[in-house]
Amino acid sequence: MILSRVADGLYWMGRYVERAENAARLLLVTEELSTEVLGLDEALAREEWRDLRAVFPGFPTDEMPARTLTGLAAASLVGLAIDPANRYSVLYSLKKARDNARSVREALTLEVFVNLNETYRELEVQNRRQLADPATFRSALTSTQRGIMSTVGAIEHTLTRDAGWLFLKLGESFERVFRTAVILRTKLPALVATEPKIDLPLFYSQWRSLLRGLSSLENYRKAFGARLEPIDVLQFLLFDPQTPRSVRYGVTAVKEYLDRISSASELSQSVRIVGKLAAELSYQGHDLIREGQSLSFLDHVLTELGRTHDAVSAVYFGT
Amino acid sequence: MPLRKIFTHVVGTDIVRDDRGDYLVLEDNCRVPSGVSYVLENRNLLSRVFPEFLGAYPVRPIKDYPTLLLETLRFVAPRRGDNPVVVILSPGIHNSAYFEHSFLAREMGVPLVEGRDLLVEGNHLFMRRTHGKRQVDVIYRRIDDDFLDPLAFRRDSLLGVPGLLNVYREGNVALANAPGAGVADDKSVYAYMPQLIKYYLGEDALLPQVPTYLGFKKDDFTYIAEHLDRLVVKTTGDAGGYGMLMGPFAAVKERETYLAAMKKNPGNYIAQPLVELSTHPTHIGGRFEPRRVDLRPFILYGDRIRVLPGGLTRVALRDGSYVVNSSQGGGSKDTWVLASREG
């Protein structure tokens, strides 16, 4: 049992570390896909950047609309990587993660703090001009991603498995599954509407980049082989019980951390909400996808996750 | 009266050495003296960078300071016997000493709390936790009296805990240091310290202090006004080197402005002759140069009085400067107390 403020700080530290990694990864994948399809289908490349902006909706509302694709790509790239005013930029998330870590420094270890701090510092010194160069951009973001991985490794290897650790992991799992659901919700309408046979290679690169954006391509291949059937990809990302970024796995993880956090006697509101959702995910499958229910189901998932977060905040953080 | 009649659980007295080689007490810090984390970190650094130095001398260890501090704090707990709950109360991450608050919390293994983590119920103090509240017995507070309790002191304080003073008066929580302990380190009271020691303890002070002229005394004020170019003037309530005038180095204009301010509230000022602080070789820009230093040993008062065998040596890094405060660009040095060698 820990201070509510400390639990709050650790939960958000977990969320922001995860969010930073998600944003860094999706930036890298989007940049790569956009470069790949640029000459083939400019509209598609443009769509990729728009989707990314919908998944991380932190761009200023008064932003000048980019006239060219290169302009859109450059503005999105720099904005989501290092703009301190963009609430979803990698730099912003790392800063918030570090601020939270500082405020609960006594609940962490030196290894965790130093890794996070150095990852932030390294990205902080990058400027717009440097990042406009694709090679620099890739190496900077890859290095940030690696820094986040070592922070997560330090958490894994050095933190006491106490209530604080549970809240940190809860935040991480919550952010991960929430972002997966948002990404699927954003990408699906365009993906399922596309008539496959028109340009097959392009069609497949989209699905491949969706999997890569959720670092799940290799895991998918292990489960279904190299063949990318949309229905299999959806089945995998929604219902696979083992891949760490599927919706089912994520909701179950959130439920398990909440189970361990709540004391044995009482069933808290948050556990009730997420427990029902986990059960739905365990018993749903192909039918739902075949019947074209994926979108409404994703909306349902997002609503229930939102309610879970509110219940956690109200009960444990008193906010 | 505070629990176990202790007002000053943690004291950091500032000591200087003058041009005759005598040690003098320059200032008593009885409120929330800071800097002990530097003492411990300086030693850590030195032992990492120059392990051979430490090996060559019988340097007394200081690493157990957090343990001693925790013992001191537990000693004053109102509920004795069963594991008393000790916390550190910090203003939060924006405070310049936050590192130290967090450092000590980690070293002692106690919760670091902010005002908003605490609440008063039924004249007891609790901290808000994820699974209900828990009673708090001892607060090592690192915030000033003024901000402790908006019901008792500053009403606009968001750092404190409403109702805390009532809990304290009931004897249901111990505060270290006790509210009001600042009276003892007031710069005007300082002038009377030798007499106070004589009166209460029947002893002479072991260390002399710097002659002090008090603004509220008419004769003293006249002396100060006439010798401003030879004196260091300080305001009684400030710390950290703020609000002071270094007479010998100040421009005429600066002295005149300062004197005008003094005349409005003479009691708020004291003056002392400039003490020629001792210097210490200091590595600056690739070579050793003399820089002025003072020493702040840390003293804990619990079941007994313990003096940490080390201390914070503060150094004025600017050439010719007399101001060692870290808030004014001062640095610090590891400080050794040697054990007597056997035989």
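**A walk through the two chains**

Reply: In chain A, Ser215(A) sits in the loop between α9 (200-213) and α10 (217-224), where helices (H or I, at least four residues) and strands (E, at least two) are DSSP runs numbered from the N terminus. This is a predicted model, in which local features need pLDDT of at least 70, side-chain atom pairs count only at pLDDT 80 or more, and totals for chains, interfaces and linings use all residues. Residues are numbered from 1 along each chain as its sequence is written, chains are lettered from A and ligands numbered from 1 in the order in which they are written, and side-chain values use heavy atoms, with hydrogens and water left out.

Me: What is the phi of Ser215(A) near?

Reply: Phi of Ser215(A) is near 30°, a positive value in a residue other than glycine. Ser215(A) counts as partly exposed because its relative accessibility is 39%; buried means under 20% relative accessible area, exposed over 50%, and partly exposed in between, with a 1.4 Å probe and protein chains only.

Me: And Thr151(A), buried or exposed?

Reply: Thr151(A) belongs to helix α7 (residues 134-158) of chain A, and at 1% relative accessibility it counts as buried. Apart from its neighbours within four places in sequence, Thr151(A) is in contact (heavy atoms within 4.5 Å) with Val112(A), Asn115(A), Leu116(A) and Thr119(A).

Me: How many helices and strands does chain A have?

Reply: Chain A has 15 helices and 0 strands. Its radius of gyration is 20 Å, which agrees with the value near 20 Å that a compact globule of 319 residues would have; this radius is taken over C-alpha atoms, and the globule rule is 2.2 Å times the number of residues to the power 0.38. Of those 319 residues, 55% count as buried, and among contacts between residues at least 6 apart in sequence, 70% join residues at least 24 apart.

Me: Where is confidence lowest in chain A?

Reply: It is lowest in helix α14 (residues 286-290) of chain A, at a mean of 82, and highest in helix α5 (residues 110-124) of chain A, at 97. The mean pLDDT of chain A (the predictor's confidence in each residue, from 0 to 100) is 91, and 97% of the residues reach 70 or more.

Me: Switching to chain B, how many helices and strands are there?

Reply: Chain B has 10 helices and 20 strands. Its radius of gyration is 22 Å, close to the 20 Å that the globule rule gives for 343 residues, so chain B is as compact as a globular protein of that length. Buried residues make up 50% of the 343, and the C-alpha atoms fill a box of roughly 60 × 55 × 45 Å along the principal axes.

Me: Which peptide bond in chain B is cis?

Reply: The peptide bond from Ala176(B) to Asn177(B) is cis, with omega near -5°, and Asn177(B) is found in the loop between β10 (174-176) and α7 (187-190) of chain B. Elsewhere, Arg4(B), in the segment before β1 (10-12) of chain B, has a positive phi of about 55° although it is not a glycine, and Arg4(B) is partly exposed, with a relative accessible area of 30%.

Me: Why does Lys263(B) count as exposed?

Reply: Lys263(B) counts as exposed because its relative accessibility is 55%. Lys263(B) lies in helix α10 (residues 252-264) of chain B, and its C-alpha atom is separated by 38 Å from that of Arg169(B), 94 residues apart along the chain.
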